[in-house]
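Here are a few friendly notes to read alongside the coordinates. Have a look at the model first, then go through the points in order.

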Amino acid sequence: MARRVSLVFAGPHRIELVAESVDAPAPSQALVRTLTSAISAGTELLAFRGQLGPDTALDETLGALGRATFAFPFRYGYASVGEVVAVGEGVEPAWIGRRVFGFQPHATMFLSPVADLLRVPDGLDPERAALLAHMETAVNLILDGAPLYGENVLVIGLGTVGLLATALLARFPLAVLAATEPLPHRTQAARALAAPRDIVTGRDEIRRAFAPRGADLIYELSGNPDALDDAIAAAGHEARVVVGSWYGNKRARVDLGGRFHRRRLRLVSSQVSHIGAALSARWDRQRRLDAAWSALGDIDVRSLVSHRIPFEKAAAAYELLDQSPEPVLQVLLDYRGNT
């Protein structure tokens, strides 16, 4: 029987590492030793701060999270890359040694049905592979927003998902691509990812670039519900506002008065757990994952990894994201010192 250490959200602003035993793989299962895992700063910060309803499911579409909710204590995370070290009955021995991605909570090892593991493409290093869930979310945002030739597009919020969405949008034949973000280093990262495409930043510059029609498509990805008013203010007639942020229990007054109604604006909720009905005849989860893997191969996202923090110091990683986000882009947990 193997041993592992699991990360537990023990209470608001409390992270604990718990040692526990791991069973041998059952039939059709594999045991994976984790190499790295990515922290999703948006959702996991809400979880860390206790800003998610305790009766809210962690994610009903991910088997590894089971039927658990955000009631403390709970295990969470969904972006782990590791190496298969053992397999159960009925699993081809060739799986041993493969690098795989799992939608799994942060832990030094995890058990998973082989059918739920995603093989990391050859040539893709673990750090890039760890951003698969983030890239899948960005791809889903593009699908839900459906940018068109010659449109004016605005991205509000340049966290990891916002940066990846911007990088994808930069490959579309848009008239204007603009972004707003209060942290300058994130704006610089967006410009680097979008190169050679130019990105318009700054409120006055964006206003001039969008004149006289306004934005056709706005992505609200800041995590700040107050930003919805900024999105509405920038929107042109019959524009789409795609809300990819998850606000948790944060609330804000949103002005849905004359501008919203007279411009006939459309608010679109985007969430990666499901594919929109309008696309489901042609798109399924596998096709979206294939698109995300392809994007990770085309776009070198390693520049987004600003911090690699040893797993045993995971509590410090969440404190950094919570208290000092200014120098942070993407935080990865590094398990190389753990067994």
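Predicted model: local features only at pLDDT ≥ 70, side-chain atom pairs only at ≥ 80, totals over all residues.

1. The lining of the second largest pocket divides into 17 nonpolar, 7 polar and 4 charged residues.

2. At least two residues each come from strand E1 (2-11), strand E6 (109-113) and helix H9. You will meet H9 again in the next point, where helix H3 packs against H9.

3. Now for the helix packing. Two packed helices are described by the angle between their axes and the distance between the axes. For H3 (residues 132-145) and H9 (residues 285-298), the axes come within 9 Å and cross at roughly 110 degrees. Angles from 65 to 115 degrees count as roughly perpendicular, so H3 is roughly perpendicular to H9. The crossing of H3 past H9 is right-handed.

4. Sorted by class, the contact of H3 with H9 holds 10 nonpolar, 1 polar and 3 charged residues.

5. H3 also packs against helix H4 (residues 160-169), at an angle of about 55 degrees and with the axes 8 Å apart. How are H3 and H4 oriented to each other? They are oblique, and their crossing is right-handed. From H3, the residues His134, Met135, Thr137, Ala138, Val139, Leu141 and Ile142 take part. They meet Thr160, Val161, Leu164, Ala165, Leu168 and Leu169 of H4. By class, the contact of H3 with H4 has 10 nonpolar, 3 polar and no charged residues.

6. H4 in turn packs against helix H5 (residues 184-194), with axes that come within 9 Å and cross at roughly 30 degrees. Angles under 35 degrees count as roughly parallel, which means that H4 is roughly parallel to H5. This crossing, too, is right-handed. Leu163, Thr166 and Ala167 of H4 meet Arg186, Ala189, Ala190 and Leu193 of H5. The residues of the contact of H4 with H5 fall into 5 nonpolar, 1 polar and 1 charged.

7. A few backbone details deserve a check as well. Most residues other than glycine have a negative phi, and most peptide bonds are trans. Where in the chain does the cis bond from Ala195 to Pro196 fall? Pro196 is placed in the loop between H5 and helix H6 (203-210), and omega of this bond is near 5 degrees.

8. A cis peptide bond also runs from Ala211 to Pro212, with omega near 0 degrees. Here the proline, Pro212, sits in the loop between H6 and strand E10 (215-220).

9. Finally, please look at Ser28, a residue other than glycine with a positive phi, near 70 degrees. Ser28 belongs to the loop between strand E2 (14-22) and strand E3 (29-38).

Key:
Residues numbered from 1 in each chain as written. Heavy atoms only, no water. Axes fitted to C-alpha atoms, helices over the stretch in contact; angles between N-to-C directions. Helix = DSSP H or I, 4+ residues; strand = E, 2+ residues; numbered from the N terminus. Parallel < 35°, antiparallel > 145°, perpendicular 65-115°, else oblique. Left-handed = near helix turned anticlockwise from the far one by under 90°. Nonpolar A, V, L, I, M, F, W, Y, C, P; charged D, E, K, R; others polar. Contact = heavy atoms within 4.5 Å.
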